[in-house]
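Have the structure open and follow along.

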Amino acid sequence: VSEGEVPQPALVPGRLWHFTLRNRLAVAPMTRVSATDNGTPTAGMADHYQAFAEGGFGLIITEGTYTDSAYAQGYTNQPGIVTAAHTRGWSTVTARIHAAGAAVFLQLTHAGALSQGNPHRPGVTAGPSPVRPRGEMRPEYGGTGPWPLPREMSLVDIRDATRGFAEAALRARTAGFDGVEIHAADGHLIDQFLTPRTNRRTDAYNGHTLSGRLRLLTHVITHVRAAVGIDFLLGVRLSRTEVNDVEHSWDGPEEAREIFCAAAHAGASYLHIAVGSGDWPRTATLETGESLTALARRTTGLPVIANGGMHDPSRARDVLTGGHADLLSLGRGALANPDLPRLLADGQSVGPVDHGMISPAAGPDNTAHRRTRHDRT
């Protein structure tokens with residue numbers, strides 16, 4: 001930055017509670033289908049994440065990682081954090097990222113009814129109620145046709161899933177992660193409990209009241225917090241829409257506020273909110289004129305990470321200077337520009353997104369993304 005020039009606010013050091021990050025740019029969690037058949041992270045995964053750390057990102061949030069060997073796994077070659085081998089594999093990843101100067105959080109996820117390749121229970125899925133998810137399975141992740149009809153989870157199943165999140169978080173801490181992020185967005189299990197269409201229960205987790213729909217989310221947060229202690233960062237990823245159900249949305253600003261506050265009161269350290277990667281000002285703006293992320297910051301007092309097209313430097317500046325978020329997470333923009341923070345610091349242009357990089361067909365060594373990076377430089 002030349003003398004007198006105002007720096008890009010995304011490059012200013014960021015904070016998540018006691019944790020200081022070298023900037024406010026994070027790599028968003030992105031599915032890669034690159035673990036071994038038994039869910040162990042590979043050397044190629046370590047290379048992939050290290051490239052972002054070397055490119056200057058302050059924080060890396062990993063792809064969704066399954067939390068138990070019952071119903072949590074969503075697809076084949078998804079990484080887990082269930083076994084000692086998983087923990088050792090992730091230890092290599094975290095060491096490489098830390099050596100390159102970045103922090104790293106593990107995203108913990110349970111696919112629930114959106115499982116389409118769980119070798120532990122082939123063809124069997126479980127969710128809050130026996131309601132078939134909308135849309136169809138994704139061929140790139142090994143599925144085809146309509147989603148299976150899930151079995152309704154018993155109270156024992158729910159207890160075991162909750163315990164799985166807590167035990168997975170403990171293993172993540174052992175593996176050297178700086179924090180964990182609970183995936184409660186995009187139609188996965190916790191989101192299925194939050195959604196009236198898929199949650200038709202009549203017990204304490206009932207879908208007829210917001211308090212009932214929130215119960216799994218708050219129970220998972222409190223159990224994870226009790227397991228890892230107060231000094232370990234614990235984030236929650238939320239979205240008011242679902243990847244498999246474009247018609248779904250939360251019921252206005254009041255429901256959004258209740259969800260945010262419930263997560264905060266249960267023990268979340270930050271909220272990571274996805275609002276879509278298209279027209280961010282439109283998709284993030286509520287009926288009141290306030291952005292979803294600004295509402296989360298104002299009502300909870302927690303740090304907020306905004307996701308959705310944040311590789312655009314002008315959008316990044318507006319979101320941060322406008323008080324909409326504390327940090328920004330990038331998905332496709334980071335794949336196209338694994339060195340994006342360095343590009344911004346040097347005043348260089350940010351490269352366009354090549355959709356070939358997004359597909360799992362790019363391979364576990366991420367050759368498509370490396371070739372694009374080389375061509376641009």
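This is a predicted model: local features need pLDDT of at least 70, side-chain atom pairs count only at pLDDT 80 or more; totals for chains, interfaces and linings use all residues.

Helix 8 (residues 292–300) has Leu292, Thr293, Ala294, Leu295, Ala296 and Thr300 as its buried residues, where buried means under 20% relative accessible area with a 1.4 Å probe, protein chains only. Helices here are DSSP runs of H or I with at least four residues, strands are E runs of at least two, and both are numbered from the N terminus. What sits over those buried residues of helix 8 includes helix 6, strand 11 (270–274), helix 7 (280–284) and strand 12 (304–307).

Numbering runs from 1 along each chain as its sequence is written, and side-chain values use heavy atoms, leaving out hydrogens and water.

Now look at Phe260. Setting aside neighbours within four places in sequence, Phe260 is in contact (heavy atoms within 4.5 Å) with Leu238, Trp250, Leu271, Ile273, Leu292, Leu295, Ala296, Thr299 and Thr300. Phe260 and Leu271 have the most contacts inside the largest nonpolar core, a set of 84 residues. A nonpolar core, by the way, is a set of buried Ala, Val, Leu, Ile, Met, Phe, Trp, Tyr and Cys residues joined through side-chain atoms within 4.5 Å. Helix 5 gives the most to this core, 8 residues. Apart from it there's another core, of 12 residues, including Phe19, Ala26, Leu59 and Tyr270.

How do helix 5 and helix 6 meet? The axes of helix 5 (residues 210–228) and helix 6 (residues 252–266), lines fitted to C-alpha atoms over the stretch in contact, come within 9 Å and cross at roughly 30°. That makes helix 5 roughly parallel to helix 6, the label for angles under 35 degrees. On the helix 5 side, the contact is made by Leu210, Arg213, Leu214, Leu217, Thr218, Ile221 and Thr222; helix 6 brings Glu255, Glu258, Ile259, Ala262, Ala263 and Ala266. An α-helix has 3.6 residues a turn, so residues three or four places apart point the same way.

Finally, jump to Asn118, in the loop between strand 6 (103–109) and strand 7 (126–127). Asn118 counts as buried because its relative accessibility is 6%. Not counting residues up to four places away in sequence, Asn118 touches Ala70, Tyr71, Ala72 and Gln73.

Technical notes. Axes are lines fitted to C-alpha atoms, for helices over the stretch in contact, and angles run from 0 to 180 degrees between N-to-C directions. Angles under 35 degrees count as roughly parallel, over 145 as roughly antiparallel, 65 to 115 as roughly perpendicular and the rest as oblique. Buried means under 20% relative accessible area, exposed over 50%, partly exposed in between (1.4 Å probe, protein chains only).
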